[in-house]
Amino acid sequence: MLNIDEIQNGIVIDHIAAGTAIGLMDLLGIKDNRTASVALIQNARSSKAASGRKDIIKVEGDASWLNLDVLAYLDPNITVTIIQDGKPVHKEKPQPPKKLVNIVRCRNPRCISSIEEECDQIFEMSSNGKYRCIYCEQEMQVKRG
Ligand SMILES: [Zn+2]
(Lines give C-alpha, C1' and ligand atoms only; values in the text may rest on other atoms or scores of the structure.)
Protein backbone atom coordinates (compact mmCIF):
# COMPACT_ATOMS: atom_id res chain seq x y z
CA MET A 1 0.00 0.00 0.00
CA LEU A 2 1.38 3.38 -0.99
CA ASN A 3 0.69 6.63 0.72
CA ILE A 4 -0.38 8.96 -2.04
CA ASP A 5 -1.36 12.46 -1.05
CA GLU A 6 -2.17 13.79 -4.47
CA ILE A 7 -2.60 11.51 -7.43
CA GLN A 8 -1.90 12.76 -10.94
CA ASN A 9 -3.93 10.23 -12.87
CA GLY A 10 -6.34 7.80 -11.36
CA ILE A 11 -9.49 7.57 -9.36
CA VAL A 12 -10.67 8.71 -5.93
CA ILE A 13 -13.47 6.86 -4.18
CA ASP A 14 -14.75 9.31 -1.58
CA HIS A 15 -17.44 9.59 1.08
CA ILE A 16 -17.15 5.93 2.06
CA ALA A 17 -18.79 5.32 5.44
CA ALA A 18 -16.03 5.53 8.08
CA GLY A 19 -14.57 2.16 8.99
CA THR A 20 -15.93 0.28 5.97
CA ALA A 21 -13.28 0.88 3.28
CA ILE A 22 -11.18 -2.11 4.32
CA GLY A 23 -14.21 -4.34 3.90
CA LEU A 24 -14.76 -2.95 0.41
CA MET A 25 -11.22 -3.70 -0.78
CA ASP A 26 -12.00 -7.32 -1.58
CA LEU A 27 -15.23 -6.55 -3.42
CA LEU A 28 -13.51 -3.81 -5.43
CA GLY A 29 -10.85 -6.27 -6.55
CA ILE A 30 -8.06 -4.45 -4.70
CA LYS A 31 -7.06 -7.49 -2.65
CA ASP A 32 -6.47 -9.48 -5.84
CA ASN A 33 -4.46 -6.73 -7.53
CA ARG A 34 -0.85 -6.93 -6.38
CA THR A 35 0.59 -4.24 -8.66
CA ALA A 36 -1.79 -1.29 -8.33
CA SER A 37 -0.84 1.81 -6.32
CA VAL A 38 -3.63 2.12 -3.78
CA ALA A 39 -3.96 4.50 -0.83
CA LEU A 40 -6.49 3.95 1.93
CA ILE A 41 -7.39 6.87 4.16
CA GLN A 42 -9.46 5.95 7.17
CA ASN A 43 -11.50 8.25 9.39
CA ALA A 44 -10.78 11.42 7.44
CA ARG A 45 -12.68 14.45 8.66
CA SER A 46 -15.91 15.06 6.78
CA SER A 47 -18.42 17.85 7.25
CA LYS A 48 -20.97 15.95 5.14
CA ALA A 49 -20.93 12.62 6.98
CA ALA A 50 -23.27 12.27 9.96
CA SER A 51 -20.44 10.68 11.93
CA GLY A 52 -18.07 13.50 10.95
CA ARG A 53 -15.72 10.88 9.53
CA LYS A 54 -15.28 9.10 6.23
CA ASP A 55 -12.94 6.70 4.47
CA ILE A 56 -11.30 7.40 1.11
CA ILE A 57 -9.63 5.06 -1.38
CA LYS A 58 -7.28 6.43 -4.04
CA VAL A 59 -5.99 4.40 -6.96
CA GLU A 60 -3.13 5.77 -9.05
CA GLY A 61 -2.98 4.98 -12.76
CA ASP A 62 -5.29 2.70 -14.67
CA ALA A 63 -8.38 1.97 -12.58
CA SER A 64 -10.42 0.14 -15.20
CA TRP A 65 -9.92 -3.14 -13.32
CA LEU A 66 -11.74 -1.73 -10.27
CA ASN A 67 -15.04 -3.38 -9.67
CA LEU A 68 -17.17 -0.30 -9.02
CA ASP A 69 -20.50 -1.97 -9.79
CA VAL A 70 -21.12 -3.12 -6.28
CA LEU A 71 -20.24 0.21 -4.65
CA ALA A 72 -23.47 2.03 -5.34
CA TYR A 73 -25.47 -0.80 -3.89
CA LEU A 74 -23.48 -1.03 -0.66
CA ASP A 75 -23.10 2.66 0.06
CA PRO A 76 -25.24 5.17 -1.87
CA ASN A 77 -23.22 8.12 -0.52
CA ILE A 78 -20.01 7.07 -2.26
CA THR A 79 -18.68 9.33 -5.00
CA VAL A 80 -16.15 8.41 -7.68
CA THR A 81 -13.87 11.12 -9.08
CA ILE A 82 -11.60 10.62 -12.09
CA ILE A 83 -8.31 12.54 -11.85
CA GLN A 84 -6.31 13.49 -14.94
CA ASP A 85 -3.10 15.56 -14.82
CA GLY A 86 -3.76 16.30 -11.16
CA LYS A 87 -7.24 17.73 -11.76
CA PRO A 88 -10.67 16.20 -11.17
CA VAL A 89 -12.25 15.82 -14.62
CA HIS A 90 -15.32 13.79 -13.81
CA LYS A 91 -17.29 13.13 -10.65
CA GLU A 92 -20.19 10.77 -10.31
CA LYS A 93 -22.30 8.79 -7.92
CA PRO A 94 -22.24 5.25 -9.26
CA GLN A 95 -25.67 3.80 -10.02
CA PRO A 96 -26.40 0.21 -9.07
CA PRO A 97 -26.39 -1.93 -12.22
CA LYS A 98 -29.40 -4.11 -13.08
CA LYS A 99 -27.23 -7.19 -12.99
CA LEU A 100 -24.16 -8.30 -11.02
CA VAL A 101 -22.18 -11.06 -12.70
CA ASN A 102 -19.54 -13.02 -10.77
CA ILE A 103 -19.10 -10.38 -8.09
CA VAL A 104 -20.97 -11.87 -5.18
CA ARG A 105 -21.61 -15.57 -4.50
CA CYS A 106 -25.07 -16.90 -3.71
CA ARG A 107 -25.31 -17.95 -0.04
CA ASN A 108 -27.89 -20.66 -0.65
CA PRO A 109 -25.97 -23.97 -0.37
CA ARG A 110 -28.62 -25.74 -2.49
CA CYS A 111 -28.49 -23.18 -5.31
CA ILE A 112 -27.29 -24.50 -8.68
CA SER A 113 -24.65 -21.74 -8.68
CA SER A 114 -23.27 -23.07 -5.39
CA ILE A 115 -23.16 -26.63 -6.68
CA GLU A 116 -21.93 -26.21 -10.25
CA GLU A 117 -18.38 -24.85 -10.38
CA GLU A 118 -18.83 -23.52 -13.92
CA CYS A 119 -22.07 -21.73 -13.18
CA ASP A 120 -21.91 -17.91 -13.32
CA GLN A 121 -22.98 -16.07 -10.19
CA ILE A 122 -25.71 -13.75 -11.41
CA PHE A 123 -27.87 -11.40 -9.34
CA GLU A 124 -30.57 -9.17 -10.76
CA MET A 125 -32.11 -6.08 -9.20
CA SER A 126 -35.67 -6.85 -8.19
CA SER A 127 -38.53 -4.36 -8.06
CA ASN A 128 -37.92 -3.60 -4.37
CA GLY A 129 -34.34 -2.57 -5.06
CA LYS A 130 -32.72 -5.72 -3.66
CA TYR A 131 -30.50 -8.03 -5.66
CA ARG A 132 -31.75 -11.59 -5.97
CA CYS A 133 -30.01 -14.67 -7.35
CA ILE A 134 -31.47 -15.42 -10.77
CA TYR A 135 -31.43 -19.18 -10.07
CA CYS A 136 -32.93 -19.48 -6.59
CA GLU A 137 -34.24 -15.94 -5.85
CA GLN A 138 -32.12 -15.78 -2.68
CA GLU A 139 -31.51 -12.19 -1.64
CA MET A 140 -27.88 -11.12 -1.99
CA GLN A 141 -25.90 -10.98 1.22
CA VAL A 142 -22.54 -9.30 1.14
CA LYS A 143 -19.79 -10.22 3.51
CA ARG A 144 -17.39 -7.30 3.77
CA GLY A 145 -13.73 -8.10 4.21
ZN1 LIG B 1 -28.85 -18.83 -5.82
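Predicted model: local features only at pLDDT ≥ 70, side-chain atom pairs only at ≥ 80, totals over all residues.

Biologist: What do S7 and S8 form, and how many residues sit between them?
Modeller: They form a hairpin, with 5 residues between the two strands. Gly-129, in the turn, has a positive phi of about 85°.

Biologist: What does S6 pair with?
Modeller: S6 (residues 99–101) pairs with S7 (residues 122–125), antiparallel, over 3 bridges. Lys-99 has Glu-124 as its bridge partner in S7.

Biologist: In what order do those 3 strands lie in the sheet?
Modeller: The order is S6-S7-S8, in an open sheet with antiparallel pairing. S6 and S8 are the edge strands with a single partner each, so one side of each has no neighbour in the sheet. On average, neighbouring strands here are turned by 25° against each other, direction ignored; the axes behind that are lines fitted to C-alpha atoms, for helices over the stretch in contact, and angles run from 0 to 180 degrees between N-to-C directions.

Biologist: Zooming out, how many helices and strands does the protein have?
Modeller: The protein has 3 helices and 8 strands. They are DSSP runs numbered from the N terminus: helices are H or I with at least four residues, strands are E with at least two. Along the sequence the pattern goes β-α-β-β-α-β-β-β-α-β-β.

Biologist: What's the strand order in the open sheet of 5 strands?
Modeller: That order is S2-S3-S1-S4-S5, again with antiparallel pairing. S2 and S5 (87–92) stand at the edges with a single partner strand each, so one side of each is left without a neighbour in the sheet. Neighbouring strands in this sheet are turned by 20° against each other on average, direction ignored.

Biologist: How many bridges join S4 to S5?
Modeller: There are 5 bridges between S4 (residues 79–84) and S5, which run antiparallel. In one of them, Gln-84 is partnered with Lys-87 in S5.

Biologist: Switching to H1: which residues there are buried?
Modeller: In H1 (residues 21–28), the buried ones are Ala-21, Leu-24, Leu-27 and Leu-28. Seen down the axis, they fall within an arc of 105°, so they line one face of the helix; the arc is that of the directions from the helix axis to the C-beta atoms. Buried means 20 or more other C-beta atoms lie within 10 Å of a residue's own, exposed means 12 or fewer, and partly exposed is in between, with C-beta atoms placed from the backbone.

Biologist: What do the buried residues of H1 pack against?
Modeller: They pack against S1 (10–17), S2 (37–45), S3 (53–60) and H2 (69–74). Just after H1 comes Gly-29, with a positive phi of about 95°.

Biologist: Where does Ile-78 sit?
Modeller: Ile-78 is in the loop between H2 and S4.

Biologist: Why does Ile-78 count as buried?
Modeller: Because it has 22 C-beta neighbours inside 10 Å. Leaving out residues up to four places away in sequence, Ile-78 touches Ile-13, His-15, Ile-16, Leu-71, Ala-72 and Pro-94. A contact like that means C-beta atoms, placed from the backbone, lie within 7 Å.

Biologist: Last topic: what does the domain assignment give?
Modeller: It gives domain 1 (10–92) and domain 2 (99–133), with bounds that come from an automatic or database domain assignment. Their contact takes 4 residues from domain 1 and 4 residues from domain 2. The domain centres, taken over C-alpha atoms, are separated by 25 Å.

Technical notes: Residues numbered from 1 in each chain as written. Contact = placed C-beta atoms within 7 Å. Pairing = 2+ DSSP bridges.
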